[in-house]
Amino acid sequence: MANSLHTSSTVPRLGLGEQFLGLNSASDPSFRSLSFTSQFRSISLKSLESTRQLKSQGEISAVVRAQSGLDPMQVDISLSPRVNSVKPSKTVAITDQATALALAGVPVIRLAAGEPDFDTPAPIAEAGINAIREGYTRYTPNAGNLDIRQAICHKLKEENGISYTPDQILVSNGAKQSIVQAVLAVCSPGDEVIIPAPFWVSYPEMARLADATPVILPTSISKNFLLDPKLLESKLTEKSRLLILCSPSNPTGSVIPKRLLEEIAQVVAKHPRLLVLSDEIYEHIIYAPATHTSFASLPGMWERTLTVNGFSKAFAMTGWRLGYLAGPKHFVAACGKIQSQFTSGASSIAQKAAVAALGMGYAGGEAISTMVKAFKDRRDFLVKSFGELEGLKISEPQGAFYLFIDFSYYYGADVEGFGKIENSESLCRYLLDKGQVALVPGSAFGDDSCVRISYAASLTTLQAAVERIKKALVSLRPAVPV
């Protein structure tokens, strides 16, 4: 018999705009309800209506009433404090909700996802298809097939100037898994994970999953969001265990120059406990004259660097789910131990496709350079278009496919029928409501003055999005001239 579940507390219903950005006025006293004035009010989506957040300082209990006639039974549905400390990924939530709106017929332009809009190159797709046809559909070794690990070693030697053996490579279900396993493997409760902001949304939450403390180091748009080595040095303590670097950066597109990496390495070298996780997933999406330098290639840094990369971004293989970790065997084996009890080996089919990807030539060959040229054209268009708007601050991205624009000039504006634009979240709700463009608030990345715009979309789509955003911003007047 089916059971009906009744919670012991009342959960408030959320408006569509609140659901879209994962907000809950009951759990966030600083939240001010802002009503939607557009056609979104009339939308009824099962996936949206089911979105709810339950938060409590103590245990949460529910009464399960069995229809068979048994007495009500109290069931403890409390969650682990570790899980309760973790915030859901806002980029994933917004992307899912924007997709749901589009499926409901709302003409939303989705610029929230960090996903190339290109198809996986044909040689890679064919390799995956052939793997299925030839029966490569069984479990692989936990660390990955030998051929993919050998190919990764060759790539890292030829392209990045760092040498590894296959037993120093761990292939996982995406670079995200590689990163979280590394954090879990090296961090102990009370350790500090040093994270420059703006940061990828998952870094602080991964630290919390390891019972470590994220320490956020702010950067400035006026300095292209680059980490100041002096600030880094001033924040390091005996508890500092892991420094996370992401270059090219998500969400800013900044590329850390080699000279700055060398200064950071000098600081790191003074602290024996401090390891570095170098997230290089966007390394091939880079715009001249910027160049990529692997942190592990710097003198004295190989022994303390965990290099993470993958195939999702440069090779347009997001759905294939394949990433990898390279580092000293001691650390890689520890990550492998976690993976063996967590997911085991990655997809056999994706691994065969990845071997083909790494065989397409230096930095992915012509297929990848064509994609990068398209990304650069889109970046140039957006930088020029938004540069024409009053009050915006822009740091031109040197890599990846994101613009991280300072929109704080418009904060404080009152909009009739909507309310006050107080921060990046309310601005994104406004742009969704008035412009039907889905963006990600900078607060998700640790900088509330900015909004992230993904240009992993066609130039035609971006042109339409810019027109909608410009039209929506015409109604805004900053409270105080800047």
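A: Helix 7 and helix 11 are roughly perpendicular to each other, because their axes cross at roughly 110° and angles from 65 to 115 degrees count as roughly perpendicular. The model is a predicted one. Helix 7 covers residues 175–186. Helix 11 covers residues 329–342. Their axes come within 9 Å. The crossing of helix 7 and helix 11 is right-handed.

Now the residues that touch. Helix 7 brings Gln177, Gln181, Ala182, Leu184, Ala185 and Val186 to the contact with helix 11. Helix 11 answers with Phe331, Ala334, Cys335, Ile338, Gln339 and Phe342. By class, the residues of this contact are nine nonpolar and three polar, with no charged residue.

Together with helix 4 (90–103) and helix 8 (202–209), helix 7 takes part in the lining of the second largest pocket, each of the three supplying at least two residues. The space in that pocket is about 610 Å³. A total of 29 residues line the second largest pocket. Closest to its centre are Gly114, Lys176, Trp200, Lys313 and Arg321. The lining is made up of 13 nonpolar, ten polar and six charged residues. So much for the pocket; the chain beside helix 8 comes next.

The loop between strand 6 (192–197) and helix 8 holds Pro198. The peptide bond that joins Ala197 and Pro198 is cis, with omega about 0°. Another cis peptide bond joins Ser247 and Pro248, where omega is about -10°. Pro248 sits in the loop between strand 8 (240–246) and helix 10 (258–268). One backbone angle also deserves a check. Phe225 has a positive phi of about 60°, although Phe225 is not a glycine. The loop between strand 7 (213–218) and helix 9 (229–235) is where Phe225 is found.

Helix 14 (residues 424–435) and helix 15 (residues 459–473) pack at about 110°, with their axes 9 Å apart. Helix 14 and helix 15 are therefore roughly perpendicular to each other. Leu427, Tyr430, Leu431, Lys434 and Gly435 of helix 14 meet Arg468, Ile469, Ala472 and Leu473 of helix 15. This contact counts six nonpolar, one polar and two charged residues.

The other pair is helix 6 (residues 146–160) and helix 12 (residues 348–358). Their axes come within 9 Å and cross at roughly 25°. Helix 6 and helix 12 are therefore roughly parallel to each other. Helix 6 passes helix 12 in a left-handed crossing. On the helix 6 side, the contact uses Asp147, Ile148, Ala151, Ile152 and Lys155. On the helix 12 side, the contact uses Gln351, Lys352, Ala354, Val355 and Leu358. The contact of helix 6 with helix 12 has six nonpolar, one polar and three charged residues.

Back to the part you asked about. Helix 7 crosses helix 11 at roughly 110°, through a contact with no charged residues. Helix 7 also supplies at least two residues of the lining of the second largest pocket.

How values were computed:
Residues are numbered from 1 along each chain as its sequence is written. This is a predicted model: local features need pLDDT of at least 70, side-chain atom pairs count only at pLDDT 80 or more; totals for chains, interfaces and linings use all residues. Side-chain values use heavy atoms; hydrogens and water are left out. On a 1 Å grid over the protein atoms alone, a cavity is a set of points where a 1.4 Å probe fits but cannot get out, and a pocket is an open set with protein on both sides within 12 Å along at least five of seven lines; lining residues have an atom within 4 Å of a point. Grid points are joined across faces, edges and corners, and a volume is the space filled by probe spheres set on the points. Helices (H or I, at least four residues) and strands (E, at least two) are DSSP runs, numbered from the N terminus. Ala, Val, Leu, Ile, Met, Phe, Trp, Tyr, Cys and Pro count as nonpolar, Asp, Glu, Lys and Arg as charged, and the others, Gly among them, as polar. Axes are lines fitted to C-alpha atoms, for helices over the stretch in contact, and angles run from 0 to 180 degrees between N-to-C directions. Angles under 35 degrees count as roughly parallel, over 145 as roughly antiparallel, 65 to 115 as roughly perpendicular and the rest as oblique. A crossing is left-handed if the near helix is turned anticlockwise from the far one by less than a right angle, and right-handed if clockwise. Contact means heavy atoms within 4.5 Å.
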